[in-house]
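Me: I have a structure open and would like to talk it through with you. Shall we take it one question at a time?

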Amino acid sequence: MKMLRRMSQSLGLCVTQLEEIVGEMQQTILMNHYPPCPQPEMAAGIDDHTDIGAISCLWQYHDVIGLYVLQEGEWIRVTPLPGALTIIVGDQVQIASNGIYKSPIHRAVLNATKHRVSMVSFYYQLKPEQVVAPAEGLVDDQLHPRLYQPTRFCDHEIASKGPYSMSMDGRESSHG
Ligand SMILES: O=C(O)CCC(=O)C(=O)O
Ligand SMILES: [Fe+2]
């Protein structure tokens with residue numbers, strides 16, 4: 001996957017290293033429909049979570065805001081741009097990059113008056129027993145201690161209690 005190759009290079013790793021660590025991937029496409037709700041704060045869209053796979057590519061209908069990302073304790077709106085995809089780093093890339101790339105906590109909320117549609121393409125391990133660990137070149141004893149032990153994708157999935165995760169920062173999923 002081209003994106004993982006560029007990310008690998010940006011970390012100073014060899015071009016295919018992230019792909020090798022993450023392993024062979026499969027893709028699942030999910031369509032989300034959020035009906036309008038006069039009191040959006042009273043309804044659940046998709047609760048706070050991180051995506052457990054490697055990378056998610058999100059398309060959202062450009063007219064309706066609904067995706068928020070948690071950054072330094074604040075929920076930041078992700079404004080959809082016509083024709084653009086939003087790329088969400090998943091837990092596996094956070095592990096492989098030893099925490100340099102962050103798998104952001106995000107949520108989707110309902111709109112008071114408009115329908116919202118989004119489509120997500122999740123890329124994640126084909127083999128559930130694939131072991132993912134931080135790239136050796138990103139770990140050293142002084143400045144960059146190992147943040148994650150080698151973890152099988154299936155164990156991470158169980159720890160996350162399903163396809164959505166809150167296990168990266170020790171919080172539990174309230175989703176699903
Ligand atoms: O609908 C959205 O904008 C986000 C959906 C999402 O985060 C997900 O399905 O994992
Ligand atoms: Fe998500």
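This is a predicted model: local features need pLDDT of at least 70, side-chain atom pairs count only at pLDDT 80 or more; totals for chains, interfaces and linings use all residues.

Me: What is the order of the strands in the open sheet of four strands?

Reply: The pairing in this sheet is antiparallel. Strand 1 (25-34) and strand 6 (86-89) stand at the edges with a single partner strand each, so one side of each is left without a neighbour in the sheet. From one strand to the next, the twist averages 20°. The order is 1-8-3-6.

Me: Which residue in strand 8 stands opposite Y34?

Reply: Strand 1 and strand 8 (residues 116-125) pair in the antiparallel sense, over ten bridges. Opposite Y34, the residue in strand 8 is R116.

Me: Is W59 buried, partly exposed or exposed?

Reply: W59 has its place in strand 3 (residues 55-60), and five of the six residues of that strand are buried. W59 also contributes to a nonpolar surface patch of about 680 Å², along with I29, M31, Y61, L85, I87 and M119. Buried would require under 20% relative accessible area and exposed over 50%. W59 has 33% relative accessibility, so this residue counts as partly exposed.

Me: Which residues are the protein donors of the iron ion (ligand 2)?

Reply: In sequence, the donor residues are spaced H-x1-D-x54-H. D51 lies in strand 2 (residues 46-51) and H106 in strand 7 (residues 106-108), so this pair ties together parts that are 55 residues apart in sequence. Both D51 and H106 are buried. Lying 2.1 to 2.3 Å from the iron ion, the protein donors are H49 (NE2), D51 (OD) and H106 (NE2).

Me: One last thing: how far apart in space are C14 and G137, C-alpha to C-alpha?

Reply: C14 lies in the loop between helix 1 (2-10) and helix 2 (17-22), and at 43% relative accessibility counts as partly exposed. In sequence, C14 and G137 are 123 residues apart. In space, their C-alpha to C-alpha distance is 9.7 Å.

Key. Residues are numbered from 1 along each chain as its sequence is written. Chains are lettered from A and ligands numbered from 1 in the order in which they are written. Side-chain values use heavy atoms; hydrogens and water are left out. Donors are N, O and S atoms within 2.8 Å of the metal (3.2 Å for Na, K and Ca); water is not among the atoms, so sites may look incomplete. Helices (H or I, at least four residues) and strands (E, at least two) are DSSP runs, numbered from the N terminus. Buried means under 20% relative accessible area, exposed over 50%, partly exposed in between (1.4 Å probe, protein chains only). Patches are made of residues with over 30% relative accessible area and no salt bridge: like charges are joined within 9 Å, nonpolar side chains (Val, Leu, Ile, Met, Phe, Trp, Tyr) within 5 Å. Accessible areas come from the Shrake-Rupley method with a 1.4 Å probe; for residues, only the protein chains shown count as cover. A salt bridge is a side-chain nitrogen of Lys or Arg within 4 Å of a carboxyl oxygen of Asp or Glu. Two strands pair if DSSP finds at least two bridges between them. Axes are lines fitted to C-alpha atoms, for helices over the stretch in contact, and angles run from 0 to 180 degrees between N-to-C directions.
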